[in-house]
Amino acid sequence: MLDKKHIHYFETLVGKENVYSDKAHLIAYSYDATRTRFEPEAVLFPRDEQDISDILKYCNEHLIVITPRGAGSGFTGGALPTNGGIILGLEKHMNKILEIDMENMVAVVQPGVINMDLQKAVAEVGLMYPPDPASEEYSTLGGNVSENAGGMRAAKYGITKDYVMALRAVRANGDIIRAGKRTIKDVAGYNTAGILIASEGTLAVLSEITLKLIPKPKFTKGYMGIFPSVDDAMNAVFKSLASGANPVAMEFMDALVVQALKEKLGVELPEDAGALLIGDVDGNVPEEVAFQLETLEASFKENNAQEFIIAHDDAHRNKLWYARRNASPSITIFGNKKLNEDISVPRSMLPEALKAIYAIGDKYGFKVPCFGHAGDGNIHVNVMVPDGKDEEALHQGHQAIEEIFQMVVDMGGTLSGEHGIGTSKAPFMGIAFNDMEIQLFKDIKKSFDPNNILNPGKMGLPGA
Ligand SMILES: Cc1cc2nc3c(=O)[nH]c(=O)nc-3n(C[C@H](O)[C@H](O)[C@H](O)COP(=O)(O)OP(=O)(O)OC[C@H]3O[C@@H](n4cnc5c(N)ncnc54)[C@H](O)[C@@H]3O)c2cc1C
């Protein structure tokens with residue numbers, strides 16, 4: 001347990017009302033979306049950047065480990081205090097939008113701002129912050145930057161890193177650093193902001209984020225393509241994009257997901273539907289939207305689409321999207337334990353990657369329903385273990401995952417398109433990086449955090 005003298009010191013730093021070591025708080029802050037539990041020894045709520053700096057300086061001197069935390073919605077254990085120590089909760093006080101600069105189309109926010117709060121605030125003035133993870137209602141921008149979160153609009157608008165212009169951050173020793181500028185161009189010095197993005201709280205605590213905004217498109221329409229096979233749908237993805245289509249989203253669901261949607265949720269889909277592509281197109285004039293839809297329809301039909309449906313209004317668009325939003329809950333018909341990974345491959349490799357994934361599933365006897373952000377080459381692969389209490393089956397499931405990772409990396413892909421490494425994918429870092437590359441990560445970590453107090457043990461880096 002953390003010595004009482006440390007708790008007292010933190011109380012003098014940030015006030016008694018911002019330091020908790022009671023059981024209720026320790027339990028409440030012991031989870032993230034992995035549903036694994038590690039209790040911290042104290043939970044601290046800094047009020048501002050100076051508080052973060054004071055806390056880190058003290059912890060660095062006394063070798064107390066710190067896990068920064070936004071909303072705790074991460075899927076890979078990044079916010080879990082696996083080594084005990086302190087949870088630094090950024091969501092409670094540091095949740096203000098500091099500025100919306102209309103002229104430069106930039107927002108400056110504290111790290112605890114919820115993604116959707118920023119989206120709503122900028123939409124009111126005709127602007128858009130595009131990255132929209134499915135956790136947008138509760139995940140924080142600090143967490144989004146630290147995981148480089150993606151979202152449904154990534155096919156056209158990119159991911160979090162494409163919107164980060166500048167950061168303020170606090171290093172382990174309490175030093176406050178600035179990285180990047182509020183300028184479109186900036187080539188002075190190393191790209192420190194680029195190193196901090198996706199660093200999962202292992203290098204520094206983000207204290208302020210400057211984000212690029214874009215004009216909000218005026219018209220949006222939904223579409224759905226129905227294909228006889230996964231292969232046809234996957235070909236349609238990269239061929240339609242290569243032929244000039246620029247959809248906002250292009251989401252994929254395979255035959256198993258189609259089966260699950262019908263059986264569990266009664267979604268009406270054609271008998272012979274083997275795969276779906278669902279998405280949106282947008283534009284500032286109706287003609288732009290119409291052009292996008294025509295381009296997609298032509299390309300989908302060239303790739304054997306049986307049907308191309310265009311949503312006639314918002315209610316219809318929501319109905320089309322219902323299938324995608326419920327893909328994840330529906331597949332529990334195949335097993336009560338889902339081993340869920342979010343691999344990413346170059347888009348042209350999608351047909352081959354999906355074939356290989358199903359072959360690995362067959363080899364181990366598991367159903368592997370797949371869905372996700374096909375427009376970005378990012379697929380959620382779900383190895384369904386029928387009985388999660390069956391240790392041997394679980395072991396086999398993990399072996400199947402390891403084979404999938406190896407195959408993905410061999411195809412030029414990556415272990416994670418958006419969920420990060422945290423603790424759950426740390427054992428696989430050796431598949432994706434060689435010893436020299438991993439040593440470089442360790443060297444970078446050491447230069448930011450020589451005493452290894454910031455989120456030790458994450459991303460395959462050494463524990464405390
Ligand atoms: C239902 C659901 C849907 C999801 N959908 C998506 C999706 O579509 N796309 C996607 O990319 N992800 C998705 N996620 C995963 C998750 O929401 C994202 O990774 C999100 O970015 C995490 O934000 P958070 O505020 O919850 O961060 P946390 O989980 O609290 O933390 C995540 C990591 O960031 C670090 N961190 C947090 N704040 C700071 C800070 N200020 N400074 C330094 N480090 C910090 C933590 O230490 C940790 O390593 C989903 C999760 C759920 C539960």
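1. Start with helices α1 and α3: they are roughly antiparallel to each other, a label used for angles over 145 degrees. Helix α1 covers residues 4–14 and helix α3 residues 49–62, and they pack at an angle of about 160° with their axes 10 Å apart. Axes here are lines fitted to C-alpha atoms, for helices over the stretch in contact, and angles run from 0 to 180 degrees between N-to-C directions. Helices (H or I, at least four residues) and strands (E, at least two) are DSSP runs, numbered from the N terminus.

2. A quick word on what you're looking at: this is a predicted model, where local features need pLDDT of at least 70, side-chain atom pairs count only at pLDDT 80 or more, and totals for chains, interfaces and linings use all residues. Residues are numbered from 1 along each chain as its sequence is written.

3. Ala, Val, Leu, Ile, Met, Phe, Trp, Tyr, Cys and Pro count as nonpolar, Asp, Glu, Lys and Arg as charged, and the others, Gly among them, as polar.

4. Now the sheet. It is open and has seven strands, in the order β15-β12-β14-β13-β17-β18-β16, with antiparallel pairing (strands pair if DSSP finds at least two bridges between them). At the edges sit β15 (307–310) and β16 (337–344), each pairing on one side only. From one strand to the next, the twist averages 15°.

5. Have a look at β13 (residues 249–253) and β17 (residues 370–373), which pair in the antiparallel sense over two bridges. Here F252 stands opposite G372 in β17.

6. Helix α11 (residues 314–325) touches β12, β13, β14 and β15, and its direction makes about 135° with that of β14. Helix α14 (residues 391–410) lies across β16 and β18, running at about 5° to β16.

7. Helix α14 also has a helix partner: α13 (residues 350–364) packs with α14 at an angle of about 155°, the axes being 10 Å apart. That makes this pair roughly antiparallel. Their contact includes A353, I357 and Y364 of α13, and Q396, E403 and V408 of α14. By class, it has nine nonpolar, three polar and one charged residues.

How values were computed: Parallel < 35°, antiparallel > 145°, perpendicular 65-115°, else oblique. Contact = placed C-beta atoms within 7 Å.
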